[in-house]
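Here is my short note on the model. Please read it with the structure open.

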Amino acid sequence: MSEVKLAATARTEFGKGAARRLRRAGQIPAVLYGHGTEPVHVALPGHETMLAVKHANALFEIQIDGKPVLALAKDVQREPVRNVIEHIDLLIVKKGEKVSVEIPVTVQGESYPGTIHVVETQTLALEAEATHLPSEVVVQIDGLTDGSIVKAGDITLPQGSTLITEADAIIVTITAPQVSAEDLGETDEAAEA
């Protein structure tokens, strides 16, 4: 995943009023923390930051006073009605450092004809290098039959990643759709008409 470069400005004002003024000016209040450093309060450019956090586990290169700092978005607080970003917590990371992240699960392939697949878990917890985070974990279901279960331990992980989720956690199940007696009655009535 590529780094998103953002120029940040240090914040000196705090509280609701200061945060509202920042948002009106098109900026997003944020906090950088980690690696034993004191939290650094910054303001990020609103539009660029909003586009970057659309991608899960986006890696940011934050420029503060001319110094680059690598960070991951750990918490994005949104206003629920308008879905506007109100605040971001950023975790400072170093190149080569391993971090724990939630990676989305993507299902590929077609199960056996007449079956459907149900995704039981939408994300997997992985440990991966901060500068090489996978964007997705692919689960292949080609030809799986009714009753098949794909567990977290069965999935081929992206290179350099280790599984944190329990290996026996169910990720995808394959089932044959069940037809109820009511559905059969409706089908018979439609055939008679």
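1. Start with L51. This is a predicted model, and in it L51 sits in helix α2, which spans residues 46-52. L51 has a relative accessibility of 39% and counts as partly exposed. That value falls between the 20% and 50% cut-offs.

2. Now compare positions along the chain and in space. L51 and L124 are separated by 73 residues in sequence. Their C-alpha atoms lie 23 Å apart.

3. Next, the charged pair. The side chains of R82 and E79 form a salt bridge, with 3.4 Å from N to O. This distance is within the 4 Å limit, so the pair qualifies. The count by this rule is one salt bridge. In general, side chains of opposite charge can pair when their charged atoms come close.

4. Are the two partners buried or exposed? R82 is exposed, at 62% relative accessible area. E79 is buried, at 15% relative accessibility. The cut-offs are over 50% for exposed and under 20% for buried.

5. Turn to the largest pocket. Its volume is about 180 Å³. The elements that give two or more residues to its lining are β6 (67-79) and β8 (98-108). β6 supplies the largest share, four residues.

6. Which residues line the largest pocket? They are V53, H55, A56, N57, A58, L72, A73, K74, V76, S100, V101 and E102. By class, seven are nonpolar, three are polar and two are charged. K74 and E102 are the charged ones, because Lys and Glu count as charged.

Terms used: Residues are numbered from 1 along each chain as its sequence is written. This is a predicted model: local features need pLDDT of at least 70, side-chain atom pairs count only at pLDDT 80 or more; totals for chains, interfaces and linings use all residues. Side-chain values use heavy atoms; hydrogens and water are left out. Buried means under 20% relative accessible area, exposed over 50%, partly exposed in between (1.4 Å probe, protein chains only). On a 1 Å grid over the protein atoms alone, a cavity is a set of points where a 1.4 Å probe fits but cannot get out, and a pocket is an open set with protein on both sides within 12 Å along at least five of seven lines; lining residues have an atom within 4 Å of a point. Grid points are joined across faces, edges and corners, and a volume is the space filled by probe spheres set on the points.
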